[in-house]
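Biologist: I'd like to go through the labels on this model and hear what backs each one up. Can you take me through them?

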Amino acid sequence: MSDNSTKLEFPPRPELFDFKGISLTHYFTDNWENIQNFQARPDDILISTFPKSGTTWVSYILDLLYFGQSLPERLTSIPIYDRVPFLELAFPKLDLGVDLADNLPTSPRLIKSHLPVHLVPKSFWDQNCKIVYLARNAKDNVVSFFHFDRMNVGQPDPGDWNSYLKRFMEGKVLYGSWYDHVNGFWKKKQTYSNLHYMFYEDMIQDTELEIDKLCSFLGLSPSDEEKKLLRHELKFDNMKKNDMVNYSLLPVMDGKVSPFMRKGKVGDWKNHFTVAQNEEFDEDYKKKMKDSPLHFRTTI
Ligand code: A3P
């Protein structure tokens, strides 16, 4: 399914437009009413991220924790985007995210969304659902997003790196401002106790420790056998080879342009930012994050 003839069947790349305070394409707004009216259940778990923060990684962790032992056949037969539906997605030839989520047979239902905190469907808050938020430092995030937009024809055309970086700083990429996204969920966490806030850099530094903390939040105590399975499955190289999590089965993404599982590193931004771009970015970052208590590591 990854030949070029299949890819040519896709419509032209979509345009971004302003939508309720962020930038989106119609693939994420076409089903808007059903998204906002989604009926969450109290045991649903929402995985929230700004795109390219490691969403797939944390989705796979949760899926393995809940179902790795009890439903092992899932691991080899159901792609991660069907196990953990992308709530707001309405993409041609794919099931609607809302329908997939509605029809999940599992308990809990694991659901992914990139919506900023002010657009998360109300029922998640009303039902006091657990929310796992994963954030990644802006510099590595923008680099990962740039390459993702290159390889995914369902995304707006990224243009050249310099203009992309500027648009990221202005919040003119899919899902708008990274700065508002990470701060919005952090602020929410101060009043909503069922939100667990994680950092990609901590995950890279000590995956097991971060999984332990996640398990305390979820009230899980994985056995040694489960931990062993997680250790094996979650290795970057193993996920990269695993067609059920590396997005190689989706024709809209072209892994030859840039693989979905690209580098998985902290600090790859240094291979992309020029000295001038870095200075400009840092200056702008200080202004945008001046009131934020969040501290991101760009190297470890
Ligand atoms: P890079 O493009 O920097 O390699 P998302 O799932 O939100 O789209 O995020 C994708 C990013 O998470 C990619 O970053 C990908 O390589 C990284 N990632 C996924 N699984 C990982 C893992 N097991 N270890 C480290 N990074 C991982």
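Modeller: Helices here are DSSP runs of H or I with at least four residues, numbered from the N terminus. Helix 3 gives the largest share, 3 residues. Keep in mind that this is a predicted model, where local features need pLDDT of at least 70, side-chain atom pairs count only at pLDDT 80 or more, and totals for chains, interfaces and linings use all residues. Residues are numbered from 1 along each chain as its sequence is written, and side-chain values use heavy atoms, with hydrogens and water left out.

Biologist: Which residues come nearest to the ligand?

Modeller: T55, T56, S144, K263 and G264, out of 18 around it. To be near, a residue needs a heavy atom within 4 Å of the molecule.

Biologist: Why is C129 called buried?

Modeller: Buried means under 20% relative accessible area (over 50% is exposed, in between is partly exposed; 1.4 Å probe, protein chains only). C129 has 0%, so the label holds. C215 has 4%, so it is buried too.

Biologist: How do you know that C129 is in no disulfide?

Modeller: A disulfide needs two cysteine sulfur atoms within 2.5 Å. The structure holds 0 disulfides, and the cysteine sulfur nearest to that of C129, in C215, is 19 Å away.

Biologist: Why is the Y81 and Y247 pair called tilted?

Modeller: Rings of Phe, Tyr and Trp (its six-membered ring) pair if their centres lie within 6.5 Å; planes under 30 degrees apart are stacked, over 60 edge-to-face, and the rest tilted. The Y81 and Y247 centres are 5.3 Å apart with planes at 35°, so tilted it is. Both residues, Y81 and Y247, are buried.

Biologist: And what makes W269 and F273 edge-to-face?

Modeller: Their planes are at 80° and their centres 5.5 Å apart, so the pair is edge-to-face. W269 and F273 are both buried.

Terms used
Helices (H or I, at least four residues) and strands (E, at least two) are DSSP runs, numbered from the N terminus.
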